[in-house]
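I opened the notebook to record what I looked up in this structure. The entries follow the order in which I looked.

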Amino acid sequence: MHELGITQSIVEIALRTATGQAATIIHSVTLEVGALAGVVPDALLFCYEACSKETLLEGSRLIIEEIPARARCRDCATDYPLVDLLTCCPACGSAASDLLCGEDLRIKEMEID
Amino acid sequence: MCIDCGCAPTDHHHHHDAPHSHEEHTVQRRKTISIEEDILAKNNRLAAANRTLFADKGIFTLNLVSSPGSGKTSLLEMTLSALKNEISFAVLEGDQQTANDADRIAATGVPVHQINTGAGCHLDAHMVGHGLEHFNLDAVQMLMIENVGNLVCPAAFDLGEDFKVSLLSVTEGEDKPLKYPQMFRASEIMLINKIDLLPYVRFDIARCREYAERVHPGIKIFEVSCYSGEGLDEWYAWLGEQVSAKGLMVRSKG
Ligand SMILES: Nc1nc2c(ncn2[C@@H]2O[C@H](COP(=O)(O)OP(=O)(O)OP(=O)(O)O)[C@@H](O)[C@H]2O)c(=O)[nH]1
Ligand SMILES: [Zn+2]
Ligand SMILES: [Zn+2]
Ligand SMILES: [Zn+2]
Ligand SMILES: [Zn+2]
């Protein structure tokens, strides 16, 4: 359940940004979460409700945009989508690959007044 | 609520305490600000600071991760007892509660500091940074960090270590690398522990190696028993090489 610690970071960053912008209302916070980031979106939503209580974020919506994972084959250099870490190269069958994206864990934007 | 302006009721928690006319409503004032900030950035920054410190001092650092009970503390006890006269160690022990593991390490005579994470299910770089304050780092060649027993969360947190080392014991089933690929992907080294129990359990070592190789091509694997000592010499030899290589890097820096 490291989603709790991660959510605390989200709340920290969002509140800091809101203060910087002199926001009076926060409508939503949007995250970009890679398919292989190792966090469970439902757990984030659950923690968010708890962590945002009694802050300017209370009642705001956490929007999670999932980013699909892609890898490049080390043997034949094909780029391909990864369903999970066990997906092999569709061109040559090799399992050796480098991750191109899909581990992202980022706050993308906020909607404020 | 404000169905006509298109904002969902949940968006509105603080909104309607003060009366307002619809002209000045959010349609005009509401704005989207781009942030693009990495949520783990703070941990990664602190991990980078730890890594720099280890590089400056020439300290080779391992982060031991596994499910609870696969033998991290036992591996440390064996390793420290065997090598403490050749290598000067320090140990950081992460546990949710109790100092049991730290007491076991202290019994070997090696400096140890306990970090209780409480409800936390992993160590983070900040905890490790403060844990380091308890050692004279100039006298340390190798730091061992025993992470909290948990195959999921520690994978996401860089502590500044040279390598993560996953332990997997033969009582856990050979498919662990497939079930927890994140952890085995993050680990450069895997130890298969408790091989003394192989006659009594159904565990296919060849298949386990194959699974690990699938999630982490090139992963280095040791087969050991912390009970009989089998296989540990190879592990010790590898540690010795790594420690001297890291020490040399500092000396050549002058
Ligand atoms: N048979 C056998 N038992 C072992 C071996 N290594 C460890 N054990 C036993 O496994 C149990 C757990 O070992 P620990 O070293 O405490 O495991 P740990 O990973 O430190 O556990 P946590 O800190 O709770 O996550 C103990 O009863 C050990 O004696 C081994 O190689 N063979
Ligand atoms: Zn966790
Ligand atoms: Zn290929
Ligand atoms: Zn332990
Ligand atoms: Zn601090």
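**Entry 1: the shell around ligand 1.** I began with the helices around ligand 1. Helix α3(B) gives the most to the shell, with 3 residues. I noted that this is a predicted model. Two helices of chain B, α3 (72-83) and α4 (100-106), each supply at least two residues of the shell around ligand 1.

I then asked how many residues surround ligand 1. The count is 18, and the closest are B:K72, B:T73, B:S74, B:D196 and B:C226.

**Entry 2: polar contacts of ligand 1.** In the side chain of B:S74, an N or O atom is 2.5 Å from an oxygen atom of ligand 1. For B:K194, a polar side-chain atom lies 3.0 Å from an oxygen atom of ligand 1. With B:G69 the backbone takes part: one of its polar backbone atoms is 3.0 Å from an oxygen atom of ligand 1. I also looked up the area of the ligand. Ligand 1 exposes 660 Å² when taken alone, and the protein buries 71% of that.

**Entry 3: the zinc ion.** Next I asked which residues coordinate the zinc ion, ligand 5. I found B:H126 and B:H130, each written with its NE2 atom, at 2.0 Å. Both residues belong to helix α5 (residues 125-131) of chain B. Because B:H126 and B:H130 are 4 residues apart in this helix, about one helical turn separates them.

**Entry 4: a sheet in chain A.** I moved to chain A and looked up the order of the strands in a sheet. The sheet is open and has 3 strands in the order β4-β3-β5, with antiparallel pairing. Its edge strands are β4 (79-82) and β5 (97-101) of chain A, each of which pairs on one side only. On average, neighbouring strands of this sheet are turned by 40° against each other, direction ignored.

Strand β3 (residues 69-73) of chain A is joined to β4(A) by 4 bridges, and the two run antiparallel. Where does A:A71 find its bridge partner in β4(A)? The partner is A:Y80.

Definitions and conventions
Residues numbered from 1 in each chain as written. Chains lettered and ligands numbered in written order. Predicted model: local features only at pLDDT ≥ 70, side-chain atom pairs only at ≥ 80, totals over all residues. Heavy atoms only, no water. Pairing = 2+ DSSP bridges. Axes fitted to C-alpha atoms, helices over the stretch in contact; angles between N-to-C directions. Donors = N, O, S within 2.8 Å, 3.2 Å for Na, K, Ca; no water. Near = heavy atom within 4 Å. Polar contact = N/O pair within 3.5 Å; in protein donor to acceptor, adjacent residues only side chain to side chain. Areas by Shrake-Rupley, 256 points an atom, 1.4 Å probe, with all protein chains shown as cover.
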